[in-house]
Amino acid sequence: MTRDLGRCLDALERVAEAAERLGLDAGGARQAVQSARARLGFPGTAFVLALAGGTGAGKSSLLNALAGYEVSRPGPVRPVTDEPVAWVPADAAGELGPLLRWVGVERVVSHQDPSFAELCLIDLPDYD
């Protein structure tokens, strides 16, 4: 899969070069290539899933229900989640650290739940 994505990024780079030769702005394409190539540099096999939604959608409650304990504090006054919170398999915490920092997650709660050994859940702040 990484090879296929690499070929796609190479093709996008060629498209950006062609666009620039025509005098078109290819800044967005160049930025997408740079960002994707940076992301490919992060190791790990854990699946990273972000819980996104509006105020009161139940993101924190869903994470807590899956974890079986409070990882991210829900509350009656919204919005409660003011920074992203990652629930990470303890065995993968070290290798996921650079990726989580790259996407702006500072608060990490590790777990030992074998049912979620390959899953990293991120509870995002409300977007509304």
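The following dialogue explains how to read the main features of this predicted model.

Trainee: Which conventions apply to the model and its numbering?

Mentor: This is a predicted model, in which local features need pLDDT of at least 70 and side-chain atom pairs count only at pLDDT 80 or more, while totals for chains, interfaces and linings use all residues. Residues are numbered from 1 along each chain as its sequence is written, and side-chain values use heavy atoms, with hydrogens and water left out.

Trainee: How many helices and strands does the protein have, and in what order do the elements run?

Mentor: Helices (H or I, at least four residues) and strands (E, at least two) are DSSP runs, numbered from the N terminus. The protein has 4 helices and 4 strands, and from the N terminus the elements run α-α-β-α-β-α-β-β. The radius of gyration, taken over C-alpha atoms, is compared with a globule rule of 2.2 Å times the number of residues to the power 0.38. Here the radius of gyration is 18 Å, well over the 14 Å that the rule gives for 128 residues, so the protein is more spread out than a compact globule. The C-alpha atoms fill a box of roughly 55 × 35 × 20 Å along the principal axes.

Trainee: What share of the residues is buried?

Mentor: Buried means under 20% relative accessible area, exposed over 50%, and partly exposed in between (1.4 Å probe, protein chains only). Buried residues make up 30% of the 128 residues. Contact means heavy atoms within 4.5 Å. Of the contacts with a separation of 6 or more, 60% are between residues 24 or more positions apart.

Trainee: In what order do the strands form the sheet?

Mentor: Two strands pair if DSSP finds at least two bridges between them. The 4 strands form an open sheet in the order β1-β4-β2-β3, with mixed pairing. The edge strands, β1 (47–51) and β3 (107–111), each pair on one side only. For angles, axes are lines fitted to C-alpha atoms, for helices over the stretch in contact, and angles run from 0 to 180 degrees between N-to-C directions. Neighbouring strands of this sheet are turned by 20° against each other on average, direction ignored.

Trainee: In which sense does β2 pair with β4, and how does β2 run relative to β3?

Mentor: Strand β2 (residues 85–89) pairs with β4 (residues 119–123) in the antiparallel sense over 3 bridges; W87 stands opposite L121 in β4. By contrast, β2 and β3 run parallel and are joined by 5 bridges. The bridge partner of A86 in β3 is V108.

Trainee: Which way do the residues of β2 point?

Mentor: In a regular strand the side chains alternate between the two faces of the sheet. In β2, V85, W87 and P89 point one way and A86 and V88 the other way, and all are buried. Because 5 of the 5 residues of β2 are buried, this strand is largely enclosed by the rest of the structure.

Trainee: Which strands does helix α4 touch, and which of its residues are buried?

Mentor: Helix α4 (residues 93–102) packs on the sheet, touching β1, β2, β3 and β4, and its direction makes about 150° with that of β2. The buried residues of α4 are L96, G97, L99 and L100, and what covers them includes α2 (27–40), β1, β2, β3 and β4. L96 has a relative accessible area of 2%; leaving out residues up to four places away in sequence, L96 touches A46, V48, V88 and C120. Just after α4, G104 takes a positive phi of about 90°.

Trainee: In helix α3, is L63 buried or exposed, and what does L63 touch?

Mentor: L63, in helix α3, is buried with a relative accessible area of 0%. Not counting residues up to four places away in sequence, L63 touches L51, V71, S72, W87, L121 and D123.

Trainee: Where is N64, and what lies 2.7 Å from a polar atom of its side chain?

Mentor: N64 is also found in helix α3 (residues 59–67) and is buried, with a relative accessible area of 11%. A polar contact is a pair of N or O atoms within 3.5 Å; within protein, one must be able to donate a hydrogen and the other to accept it, and residues adjacent in sequence count only if both atoms are side-chain atoms. For N64, a polar atom of the side chain lies 2.7 Å from the backbone nitrogen of V71. Leaving aside neighbours within four places in sequence, N64 is in contact with Y69, E70, V71, S72 and P74.
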